[in-house]
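Work through the exercises below with the model open. Each task comes with a stepwise solution.

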Amino acid sequence: MEDRTISQPELVGRREELDTLRKTLADAFEGHGSTVLVSGEAGIGKTRLVSEMLLHAEKCGARVLRGWCLPDCMEPLMPIKEALRGADMLGLMQERPPPKILSAYVMNDAGMLYAKSERTKTDMDGDIFTAMLRAVSSFVSDSLRMMGKSSSASGLSTIGHSGYKILVQTKDRMSLAVVIEGDEDEFLIESIGRELANISPRLNPEIYDSDQCRWLEEGVSKFVNSARFDGAFIQDDPKLRLENLFDSVLLGLQRASLDAPVVFFIDDVQWADPTTLSLFHYLSRNTRSKRVLMVATYRPEDVVKQAGCEPHHLETVMQNMSRESLYREVRLSRLGESDTDIFVAKALGSETLGIARRIHRESEGNPFFTLEVLRLMEGEGIIARAGGTWALNAPLEDLPIPSKVYDVIRRRLNRLKREESDMLECASVVGEKFGSDVLGLSLGMNRLAALKMLNDIEKEHRLIRSMGTVYCFDHSKIREVMYTGIGTELRAEYHRTVAHSYAQLFSGREQDIAEELAHHFTQADDPNAAKYLTMAGDRAMKRYANDEAISFYSQALDRTGEGKLQILQNLGDLYTIVGQCDRAVQRYSEALELTAAPLEKAEIYRKMAMTRERQSEYALGIKTVEAGLALLGPEPLPLRSGLLAALTWNLIKTGNYEGAMEKMKASLDNATVLNDRPGISAAHHLLGIISWFRGSYDEALDHYHKALTLQRETGDERAKVNTLNNIGVILMETGRLDAALEHFNEGLAYEEKVGDKDGMAGTLDNLGNLYHTRGELDRALGYHLRGLEFYRMAGDKNGIAWSLSSLGYTYPDLGDVRKGIECHLESVELCREIGDQHILVYNYYGLAESYSRIGEFTEALRFVDLALSNSREIGARREEGASVYVLGTIQCRMGKLEESRKSFAEAKEILSGVGETSMLTMVDYDYGLLLEKEGKKDEAVSALREALESFKRMEMGLWQRKTEAALARLGAFNCAAGSEAGSKE
């Protein structure tokens, strides 16, 4: 057996790069999280450099999570799972029912009960419970302190018994104790923390005041009875499940970072699956203010275009992350001659024997190549250790040093015995990491013999190393050289044998390793490949791993006869989801060629038409639907409703509201004849949208309420939420704020339950607008900021633009006009980037109003002109009316009263035409101010009083106060008494 004399030396020539990593680590310790990508060619020392930093991080008390990517492995999220598994955090990725909150108690540090709530009433005495709980918690805390341990920095304690748990969160001497059934998850823990953060500042831990705590019982009761934590597992769409999984991992890392800084490292991300890269991006975006450092390594030479000249997944993610300034890159170059000299000396533990310069000339400073040459020279006896020193056994000029890494490794591999070489060949086929079980079965060896041989290869040749229950190659290049050295036919047979071995080992559970089986059967060009590629595609599609699903289905397509029609349709659906609409249409077209069945063809036409609509190819979309409808004949069919809905959307987008209304009424008739309740509901919902766009608000509400009734009866929760929000917006725009609030809150409860961040963000923004209208500005600001937080978490630029626009209107009414302008301008930049003209108009007239407030009329007029031209260009009549109204207010402030009067009249005409109620009254208010400037006091008072009554009726508190102030200025309102002067009230 060889003496292990040459091994990886300490780090050489990387001081600057290591200092950079340590600096980012120090920043993470201070709560300034960041992401670092370490790049360089194979063997340059990326993993070695990061490992040095990780050792330093662990010594400093950080928690280190390590994951790795493998070539040819497309199992979604495998690297993330490995990282979490190693840190005993894999539970963050397990789908399980949410916990059920049974009761909650608010208490101070002495155990005094401030409030309680129970989902189901019991006879338990809350005061006794909290006192005992405080005693138990203190005992546990004292015991941990005596053992030299401390409780979590997050302040969370857990006590469990017989399937029940008590979670106690403490902040500023106040605690919230929650009794649950089942296991806590990160969403519950976050909710407890957020609830306590809202409660704690409002309570005095010294004194219980029942009058001041009346609000507390209501808040705790709402928390306990939250639909999010009723123990029911909601099977929702794959997109939401994946988003919840992303959030679970994020919340888990954020909570772990409260106890110790976290370093999350993924090696070789050039081989990462797209979903892993998406999660890495998500974590990078949302840990910048946490004690979390994200690190990854990659080889630039492997980031090449894929089949069809598509950019590499990593290249796309890096471009997106770069736009958000999310990472810095540390590039490793080859070692110089002097550093190679140091490297060789440290590897040998003595002088270099004069061989370093020669080795550097051949290796060009690649550390892995250098080390492999030294090991080869030792193995072949060119250098030898005797008596504690090294000796050169051949003249320097005669040294047979290979000129390529491949040759070095091949010569080392040639020293293996035949049976050892066979085993490593098979291992290279299995992959970068491999188990003894599949190797033994593939080679027909018993387990003990396989383990002994693996042990010999590891100890004698140092080509592999054990990692618990699996083995891996000492470097990916070793596996690469071994694998590429296998003949084509033999390699295919190896893959076939390994695939059958896996199938035998996982008999009855083949679906669990569908990706592995698909890979090996594909490499073997075996007929079984189509079956497992399709199975892997189905699994990926169910998990919303769309890019992986596309890859599997595309490979299956060329290898299958049966099931080809369904695969083509699945690919069409997936390409539509990821925005590659041209490819979607191509796949749908291919599917049309494979079937003669009228209903199947019509369904494909329906999907294709919706894709056309998404591409803004409305004329083609209309023709596509017509082709589908022509296949159906005259009889009522559910599919007819779907086709008519697709046709309606295309007509709406062309502005043909009359045609859209006609087709949707036909769809409603079709669904009614069939008694298709979901179809009837969908028809009413779409009719509501058309009526809304036409400005027929009451007609829209009538259709929405009919849809809502059916959605509640059939339990169609997702459709119900969309309808609730649409009703809420119309009610808000027409001044029925209380009713709007009820609809928004009902929708929000469901969105919170299923974790729909986009939905929550949109509803929160609507609630912010509602409270802004009411004049509850601090509350409005809170909702807008919370909505913006959700949009930023998801990287939803459209949503971010919406929220920033809303904040642009809120801050000026809070007295910070400049802050409002900043928000509008940031939103404008985003709108220009994503091409959203609608939000752009909102921002333009918002900027015009804000600049007008501070007397910068040149800017105000510039932005109102932009608002007018853009609104007219896109045919947005409401926004055109709003822009003309803002123009009138600017003209009034500038003293151009006659022009202002004309603008107000034009605005009223446009807004009346679209049924806009609240803004019409706002025009009346500003018209009253115009009359005041003209010296027409009586007319001004009359106009303002009329506006005031409308504002009161619509509960527009902010505008009500503005109008009362104007009337008071005119001597027509007593602010102290809260009544109009001269009135009977």
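**Exercise 1.** Is Lys607 buried or exposed?

*Solution.* Start with the ground rules. This is a predicted model, where local features need pLDDT of at least 70, side-chain atom pairs count only at pLDDT 80 or more, and totals for chains, interfaces and linings use all residues. Residues are numbered from 1 along each chain as its sequence is written, and side-chain values use heavy atoms, with hydrogens and water left out.

Step 1: take the cut-offs. Buried means under 20% relative accessible area, exposed over 50%, and partly exposed in between (1.4 Å probe, protein chains only).
Step 2: apply them. Lys607 has a relative accessible area of 15%, so Lys607 is buried.
Step 3: look for a charged partner. A salt bridge puts a side-chain nitrogen of Lys or Arg within 4 Å of a carboxyl oxygen of Asp or Glu. Lys607 forms one with Asp573, at 3.2 Å from N to O.
Step 4: Lys607 sits in helix α24 (residues 598-614) and Asp573 in helix α22 (residues 564-577), so distant parts of the chain, 34 residues apart, are linked. Helices here are DSSP runs of H or I with at least four residues, strands are runs of E with at least two, and both are numbered from the N terminus.

**Exercise 2.** Which parts of the chain does the pair Glu515 and Arg543 tie together?

*Solution.* Step 1: check the bridge. The two side chains meet in a salt bridge of 3.0 Å, N to O.
Step 1: locate the ends. Glu515 belongs to helix α19 (residues 514-523), while Arg543 is in the loop between α20 (528-542) and α21 (546-557), so the bridge joins parts 28 residues apart in sequence.
Step 2: Glu515 is buried at 7% relative accessibility. Arg543 is partly exposed at 29%.

**Exercise 3.** How many salt bridges does the rule give?

*Solution.* Step 1: the count comes to 68.
Step 1: take one example. Glu329 and Arg331 meet at 3.6 Å, N to O. Arg331 is exposed, with a relative accessible area of 60%.
Step 2: find a network. Salt bridges link Glu372, Arg375, Arg412, Arg465 and Asp474.

**Exercise 4.** Where is Ile680, and which residues are in contact with Ile680?

*Solution.* Step 1: Ile680 is in helix α28 (residues 677-693).
Step 1: Ile680 is buried, at 13% relative accessible area.
Step 2: leaving aside neighbours within four places in sequence, the contacts are Leu668, Ala671, Thr672 and Leu710.

How values were computed. Contact means heavy atoms within 4.5 Å.
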